[in-house]
Amino acid sequence: MREPLTEEKVFKDPVHDYVYVQDQTIWELINTKEFQRLRRIRQLGTTYLTFHGAEHSRFSHSLGVYEITRRIISQFERSGYPDWPSEERLVSLCAALLHDVGHGPFSHSLEEIFDTDHEVWTCNILLGDTDINRVLRQVSDDFPDKVAAVIRKTYPKPIVVSLISSQMDADRMDYLLRDAYFTGVNYGTFDLERILRVLRPYQGKIVVKESGMHAVEHYLMSRYQMYWQIYFHPVTRSSEIILRQIFRRAQELNEQGYTFRWMAGPLQQLLNNTLSLGDYLKLDEPLAQTAFAEWAEESDELLSDLCRRFQHRQLYKYVTIDNPDESLLLEVANALQTVGLNPDYHMEIDYPFDLPYDLYRPDQNNGEKREKAPILLLDSEERISEISMKSDIVRSITGLHQGQYHLYFPEEPLRENKELLSERMLKLFKLDL
């Protein structure tokens, strides 16, 4: 086991005020090139095109998750709870710090196109030929495998996994507060201090003292509001659609043998689905933005138009539609073709539950790869119950569907060729106003 830092290090943080680093291993991990790369990955992908302040990085979020985890563990240790395995402190802190180190540029949008998984890349970074792996191995030869097992949710002590992956984990608590702060909204605020005081380790799980139920209700309501007001925002979804179409078109052209006027090695490997770990770590948002600037000058009109749209925020318009059927979608596609558009790239139906976020549902995994532990209350007689069994507020929002179908399309060509469209299409596209 490594010695603690001779002098505590401190990061000034806008959300937690300060982030305290007391372990040599944590300090060295923060200073690895793989962790520093997270400064070049935005936490909220393309949300900055909707909320201009959302420029914060995966780096700052990861420090925040580490800090919340550190505070939870410190409270457990100060209180002397027998159910907290104190020997798991360092593996928990390392997993909290490194849980997002495998994210690529624009995160979930890129994963969707190229069928990648940031958790898989995270584990590859932990176990591969990296500075992070070398730092972890200074603790013990098997320590990288232990941290990777926490990320994979296969660690033999579920209480450790719950700290960074559950329905009320340090990851969610930080990103709600941080995303609310940087988008300038109040929806994500909740009483973090109160929640941390009422968390308890109990029989291998993390539970909430029942007297703290109202603070948890506030957290879940904040989470609910953030999803609908920020994460499911239809304008952000428009920018994500264009981003996905850029990479989809680039991949299609690459398969056709098209010669790009500019191409970076890591991007070429991405399009070829032959990414090595070293080249994956070269992928960041500045590289992607450089590609978009170059591809905006490509001879392929579709790719160049998509890149210009993304660069200059000329997003697709959206209209709300009710349960679109095949005949309506065919009519829309024909209308787009009439004005010279490509329905495969210029038309998309979106429903918010396609997004990689979830509301609180205690009885299902909501389409996620792995189920997250529900929120459990501990009463004065040491009985455990899932929170929706006790809270009317939580029951009222559990499984509530508010999503609407949105049809996305480029407005300008349709408006310029209105005379070619039927009355029904003019009304649907809201061009008759």
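**A helix and its surroundings**

The cover over the buried residues of α8 includes α4 (89–98), α6 (118–127), α7 (131–137) and α9. Helices here are DSSP runs of H or I with at least four residues, strands are runs of E with at least two, and both are numbered from the N terminus. A contact means heavy atoms within 4.5 Å. Buried stands for under 20% relative accessible area, exposed for over 50%, and partly exposed for values in between, computed with a 1.4 Å probe on protein chains only. The buried residues in α8 are F143, P144, V147, A148, A149, V150 and I151. K153 follows α8 and has a positive phi, near 65 degrees.

The model is predicted: local features need pLDDT of at least 70 and side-chain atom pairs count only at pLDDT 80 or more, whereas totals for chains, interfaces and linings use all residues. Residues are numbered from 1 along each chain as its sequence is written, and side-chain values use heavy atoms, with hydrogens and water left out.

The protein as a whole comprises 22 helices and 9 strands. Its C-alpha atoms fill a box of roughly 75 × 50 × 35 Å along the principal axes. For 433 residues, a compact globule would have a radius of gyration near 22 Å, and the 24 Å of the protein agrees with this; the radius is taken over C-alpha atoms, and the globule rule is 2.2 Å times the number of residues to the power 0.38. Of the 433 residues, 58% count as buried. Among contacts with a separation of 6 or more, 71% join residues 24 or more positions apart.

E34 lies in helix α2 (residues 33–36) and counts as buried because its relative accessibility is 2%. Beyond its neighbours within four places in sequence, E34 contacts V101, I125, T130, D131, I132 and L281. With D131, the side chain of E34 reaches the backbone nitrogen at 3.1 Å.

R313, by contrast, is partly exposed, with a relative accessible area of 41%. It is located in the loop between α17 (301–311) and β5 (317–321). Leaving aside neighbours within four places in sequence, R313 is in contact with L49, T50 and V235. A polar atom of the R313 side chain lies 2.4 Å from the backbone oxygen of L49.

Positive phi values also occur in loops. N323, in the loop between β5 and α18 (326–338), has a phi near 35 degrees and counts as exposed at 60% relative accessibility. E382, in the loop between β7 (376–378) and β8 (384–386), has a positive phi of about 60 degrees although it is not a glycine.

Which residues are the closest to the centre of the second largest pocket? That pocket has a volume of about 330 Å³, and of the 26 residues that line it, S162, S166, I206, A373 and P374 are the closest to its centre. A pocket is an open set of points on a 1 Å grid over the protein atoms alone, where a 1.4 Å probe fits, with protein on both sides within 12 Å along at least five of seven lines; lining residues have an atom within 4 Å of a point. Grid points are joined across faces, edges and corners, and the volume is the space filled by probe spheres set on them. Helix α9 gives the most to the lining, with 5 residues.

Definitions and conventions. A polar contact is a pair of N or O atoms within 3.5 Å; within protein, one must be able to donate a hydrogen and the other to accept it, and residues adjacent in sequence count only if both atoms are side-chain atoms.
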